[in-house]
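Dear colleague,

Please find the structure below, handed over for your use. My notes on what was found in it follow directly after.

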Amino acid sequence: MAVIFAEQQPIDGSDPGVAAIRLVNKQRGANHITCGVATFEPGAEIPMHTHPCEESVIILEGKATAHVDGEVFQLGKYDTTFVPPLVPHCFKNESDQKMVISYFYPAVDVSRDPVDEGGPGQ
């Protein structure tokens, strides 16, 4: 068993306005799961993308706009998405408050593959 203290983990700020913390992954010794949390500043978003595996996201704080396979959903606290592999999706914070999500993948080698915003499913 391992205990991971979020405040001791590095922050990935590679997406503007998004601070992501990887909590469980291959580097921590996981064999079948990746998870973490991400804080979105007002107006921040993760661009449209797919993953080679399933993904579940739980809104922990604030409001999110989720675009999933051409549909748009307004989500609030504890609302949860389940996205199958290769389905285009993205999350946006269109509010004036911060948004915090937790994300889960049943894999340790997870890629985020960009999707053309004007492509299929849009």
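**The sheet**

Strands E3 and E10 are joined by two bridges and run antiparallel. Here strands (E, at least two residues) and helices (H or I, at least four) are DSSP runs, numbered from the N terminus, and two strands count as paired if DSSP finds at least two bridges between them. Please note that this is a predicted model, in which local features need pLDDT of at least 70 and side-chain atom pairs count only at pLDDT 80 or more, while totals for chains, interfaces and linings use all residues. Residues are numbered from 1 along each chain as its sequence is written, and side-chain values use heavy atoms, with hydrogens and water left out.

The pair E3 and E10 belongs to an open sheet of five strands, ordered E6-E5-E8-E3-E10, with antiparallel pairing. At its edges are strand E6 (71–75) and strand E10 (113–114), each of which pairs on one side only.

- E6 is joined to strand E5 (residues 64–68) by five bridges, in the antiparallel sense; Val68 has Glu71 in E6 as its bridge partner.
- E5 and E8 are antiparallel and share four bridges, and Ala66 is partnered by Phe91 in E8.
- E8 and E3 are antiparallel over three bridges; Glu45 stands opposite Lys92 in E8, and Ile46 has Phe91 in E8 as its bridge partner.

Buried means under 20% relative accessible area, exposed means over 50%, and partly exposed lies in between (1.4 Å probe, protein chains only).

**Two loop residues with positive phi**

Most residues other than glycine have a negative phi. Asp69, in the loop between E5 and E6, has a positive phi near 50°. Asp69 counts as partly exposed because its relative accessibility is 46%. Leu86, which is not a glycine either, has a positive phi of about 65°. Leu86 lies in the loop between strand E7 (80–83) and E8, and is classed as exposed because its relative accessible area is 59%.

**The largest pocket**

The largest pocket holds about 470 Å³ of space. A pocket is found on a 1 Å grid over the protein atoms alone, as an open set of points where a 1.4 Å probe fits, with protein on both sides within 12 Å along at least five of seven lines; its lining residues have an atom within 4 Å of a point. The volume is the space filled by probe spheres set on the points, which are joined across faces, edges and corners.

The lining comprises 25 residues, and Arg22, His51, Tyr103, Tyr105 and Arg112 lie nearest the centre. Two or more lining residues come from each of strand E1 (18–24), strand E2 (34–40), strand E3 (45–50), strand E4 (55–61) and strand E9 (99–105). By type, the lining has twelve nonpolar, seven polar and six charged residues. In this count Ala, Val, Leu, Ile, Met, Phe, Trp, Tyr, Cys and Pro are nonpolar, Asp, Glu, Lys and Arg are charged, and the others, Gly among them, are polar.

**Selected residues**

Ile101 lies in strand E9 and counts as buried because its relative accessibility is 5%. Leaving aside residues up to four places away in sequence, Ile101 is in contact (heavy atoms within 4.5 Å) with Gly36, Val37, Ala38, Phe40, Val57, Ile58, Ile59 and Leu60. Ile101 and Lys77 are 24 residues apart in sequence, and their C-alpha atoms are 9.1 Å apart.

Gln9 and Ser14 both belong to the segment before E1. Gln9 is buried, at 16% relative accessible area, whereas Ser14 is exposed, at 56%. A polar atom of the Gln9 side chain lies 3.0 Å from the backbone oxygen of Phe5. Beyond four places in sequence, Gln9 touches Ile4, Ile21, Arg22, Leu23 and Arg28. The side chain of Ser14 makes a polar contact with that of Asp12, at 2.7 Å. A polar contact is a pair of N or O atoms within 3.5 Å; within protein, one must be able to donate a hydrogen and the other to accept it, and residues adjacent in sequence count only if both atoms are side-chain atoms.

Yours sincerely
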